[in-house]
Amino acid sequence: MTKQDVFSTATDDTVQYVTVVIGGQLFGLPISQVHDVFMPETVTRVPLAAREVAGVLNLRGRIVTAIDMRKRLHLEPREMGQMMAVGIEHKGESYGLVIDSVGEVLTLSADTREANPTNLDKRWAEIAGGVHRLEGKLMVILDVERLLGSMIEPMAA
Amino acid sequence: MDDLLSEFLTETNESLDVVDVELVKFEQEPNNATILDNIFRLVHTIKGTCGFLGLPRLEALAHAAETLMGKFRDGSPVTPEAVSLILNSIDRIKEILSELEAAGGAEPEGSDDDLISELERMSLSAEAGSGEDEAEGEEAADDHAEGELVYQVLERPLRPGEVSLDDLEKAFQETEAEVELPDTADGEDDHDDQPGEILTGAEAADADADGKKPTVEKKKQNKSGKSGSVSNQTIRVSVETLEHLMTMVSELVLTRNQLLEIVRRHEDSEFKVPLQRLSNVTAELQEGVMKTRMQPIGNAWQKLPRIVRDLSQELEKPIELEMVGADTELDRQVLELIKDPLTHMVRNSADHGLEMPADRRAAGKSDKGTITLSAYHEGGHIIIEVRDNGRGLDVDKIKAKAVSNGLASEAELEKMTDQQIHRFIFHAGFSTAAQVTSVSGRGVGMDVVRNNIELIGGSVDLRSVPGKGTSFIIKIPLTLAIVSTLIVEASGDRFAIPQLSVVELVRVQTNSEHKIERIKDTPVLRLRNKLLPLVHLSHLLGISEEPVDDNAIEQDNGFIVVMQVGSQTFGVVVDGVFHTEEIVVKPMSTMLRNLTMFSGNTILGDGSVIMIIDPNGVASAMASHASSAVAEENATEQADLLQEAIDGQATISMLLFRAGSPEPKAVPLSLVTRLEEFEVSKIERSNGRDLVQYRGALMPLVYVDPGHTHRAEGTQPMLVFSDSGRSMGLVVDEIVDIVEDRMNIEVGSERAGILGSAVIKERATEIIDLGYYLPQAFDDWFMRKEMESSALTKKVLLVDDSAFFRNMLTPVLKAAGYDVTACGSAQAAFEQLENGDTFNAIVSDIEMPEINGFELCEALRRDQRFRQMPILALSAVVTPASIERGRQAGFDDYVAKFDRPGLIAALKDVFSGELGIAA
């Protein structure tokens, strides 16, 4: 699958992204970090937790902490309806990112990748790992490490 | 070799622990040959194994220790020094072993010559006493040299004092199956396994094992015939395997619960019977696996006799350690976690609890102090008690320490019971030991103990009787893995509360005997003649749907879960209670671990996730909840005070009336005794003034305007002012209104009888100066002189117990340009001053109940802050003696009560720095 292009520069390895839509914006998660995609049912809310924490849920016998990505990105809350979640692992623990919908898997080369625009909303910039220029739209790369790290560290104190 | 080594390490460590205990026993009973043989055998085993595994350093040390013990066995007297030395050697062996383990099998560098030479010296001196025996022993050893497989393998000559296999055999045969120790099985294992291992090793290393070896083994087995069958049935299983098994069983329990939930929904399911069976089997399996994790608590106590012995020597107090219920079993994980706290508590009891022998004798107790450790089961918990028969806790010392650490004020301590005061020792940094010893007193003790115990869902309490001793009671759950919980509902969400901390459930209904009452805004419940503080779970968790509604709790026909955490008992109000469920605690994700209110989460039978309430979190939230409420309250009061300070004065009630002229006039309502209307015909004239008969006395009438007269007919309204049995009627045309407003006299008045003008009800109103009118009724009431107004805006505190004079003088001083705060007693004055309000001067009445003016002044002068503050005395009694008394008390000036111009002048003098007696 990995197509080696000898003529291109060394940095232009291709990365596969699972695309998701959150509040109309296209985001991409490196496929290696996505464990599964599921529909969260019966989410138990966790009182006193950070506002982005949607709650905890049972995913095949594992307890998953669900994070409401709309809240995390300071977007309007989602209208009632079906929601989707992307399951990821972080330091041996399971998290679910609650998103609007899941799109296709894209294989993108570093050519179209750019750093975060300097005028990007700070709250977005801290969890975005760059932007890919796609045809007709832009895809923001979600940096899972930073996303979860930023939520765990300030609470560790 | 690795497997062998790890096996060796485990076994040797166990053996060493046993040796520790045995040696302490041996010291007390030097003539007990059984104990000695036991020790001897264990040390010998260690030595042998070391030799076999090629650990020369260990071997040499063990050998030297063994030699000395051999001497004891041969009848040399046992001295405490010798025992200490052997114990030290054993400690060294342990050190080497732990390094060995860390290094993965390589013996650490270093020399034990110090200990070995000491041991040898001791052996030699012992030898002097029993030289012959020694010589024989040596010979015997030489005789059997070829029988010592170990040394053959290592090709080393037998050393002096080394023990022959015959001796060893003899020891084995003489040894009864151990009875006293909880870990007899381990000991048995050791000496059963040991020869087998040597044999295996021998086969691998050198097939030239002579016939001695198997004989030993055979004999040994014969000897331990009856107990051997038991020990042969035990196998070592790694803890990991057990943990895994436990996890799997936990999952099985969860799945079973899920199935049961499904079947519950389908009443007539054919699954019902087999599921019931599955359920029972699961329960049994769970119990069985739990049992594998169970270990006697004696394992955690193993090191204690040794520690107590060492302490006893170090502190020079004889201490006896009694252990009761060592075979009480509890979960291995819990056992590990309480080991350290227990050790600490025993050390603590030995150091702080027990007195020196001299003190004990003086108190009529035996020299030897006793520390008793006991363990027993009680309703799903295990109770461990560490009790000493020492001096008990010193309440005064704790109090002093609590004050100096700022944990509580003297006043708070006064209200506390001794039990509450005792609990201070669980605070961080709290140590009452006057000096730091190597044993304790560093102040990092009991709080750590408490934290560790609370961490595993336990609690620690203490009881202390002065002179009789102290006992610490630890209550811990049997296991941490599976918890029985109560599933409750609050604001539509379900939560699990560990039953361990649930004392009872109370159903509340507004019309039942249990109903929620409130003190201010704090809900409480009357429960068996006690008041139980309550908190609604939804409020605690901040999930109540409606904004905190005070009535919500009151109207609530819910349940109260009465919980106990430590000594704290409180009620948690929930909307509903479902059932109890055994749940497997799963740790929360790191993201949620900062929530102190939850200890974990789990998956319920119906597949949903539920949060587990942490009783400790709730308890501390209760405490901080209360204190934050108090803080808020304080903040509000402070804000009010601030507002008052800004506004200058709180509102007062004013009586508005008209008299003589159309402009409204006002007088503070509090000054007016009553409002009366008299028939004009009742007004009599006598001695050139108008009077009415009022309550059996003649009341003079006074007109606001000199030219003004009473009405010709009908009734005449008037304001009656009374003080000390005398009354005056102020004739008015019409009473307009009573209003609440601030009295800010904005324009001073030059007109007699009018203090000035203030805006009341948006109209300029004249404030009547009663001080002008009262003397008109009675000349001696007081005399009106010219009003002096001043531009000064100094803050003056007026202290007078008579409301009349307070209300009288306040406007007077205000009119003179002072910012006046009035208070009714010396106590109130102190409060005002303590509140941080600053005043430029104090004017105080002398004759006051409780604290009089002299006392007030004296008290203030004692305070650094008020030493320089001008204080004026105000009194109806003005005699040279009272003036002198006032001067002694520290008053700057002494003014007659009715001499208002004098007061104004005195204040003026005080502020301009010209002090003097103005009276």
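The legends below describe close-up views of a predicted model. Residues are numbered from 1 along each chain as its sequence is written, and chains are lettered from A in the order in which they are written. Because the model is predicted, local features need pLDDT of at least 70 and side-chain atom pairs count only at pLDDT 80 or more, whereas totals for chains use all residues.

**View 1. Chain B as a whole contains 30 helices and 35 strands.** Helices (H or I, at least four residues) and strands (E, at least two) are DSSP runs, numbered from the N terminus. Of the 919 residues of chain B, 48% count as buried, a word that stands for under 20% relative accessible area with a 1.4 Å probe and protein chains only.

**View 2. Helices H12 (residues 239-265) and H13 (residues 272-293) of chain B have axes that come within 10 Å and cross at roughly 155°.** Axes are lines fitted to C-alpha atoms, for helices over the stretch in contact, and angles run from 0 to 180 degrees between N-to-C directions. H12(B) and H13(B) are therefore roughly antiparallel to each other, a term used for angles over 145 degrees. Among the residues of H12(B) that meet H13(B) are Leu242(B), Val249(B) and Arg256(B), while those on the side of H13(B) include Leu275(B), Thr282(B) and Val289(B); contact means heavy atoms within 4.5 Å.

**View 3. Six strands of chain A form an open sheet in the order E8-E1-E2-E11-E10-E9, with mixed pairing.** Two strands pair if DSSP finds at least two bridges between them. Strand E8 (101-109) and strand E9 (113-114) of chain A stand at the edges, each with a single partner strand, so one side of each is left without a neighbour in the sheet. E9(A) pairs with strand E10 (residues 128-133) of chain A in the antiparallel sense over two bridges, and Arg113(A) has His132(A) in E10(A) as its bridge partner.

**View 4. Five strands of chain B form an open sheet in the order E32-E31-E33-E34-E35, with parallel pairing.** The edge strands, each pairing on one side only, are E32 (819-823) and E35 (893-896) of chain B. Strands E33 (residues 841-845) and E34 (residues 871-875) of chain B run parallel and are joined by four bridges, and Ile842(B) has Ile871(B) in E34(B) as its bridge partner. Helix H27 (residues 826-834) of chain B packs on the sheet, touching strand E31 (795-799), E32 and E33 of chain B, and the direction of H27 makes about 155° with that of E31(B).

Note on methods
Heavy atoms only, no water. Parallel < 35°, antiparallel > 145°, perpendicular 65-115°, else oblique. Buried < 20%, exposed > 50% of the residue type's maximum accessible area, 1.4 Å probe, protein only.
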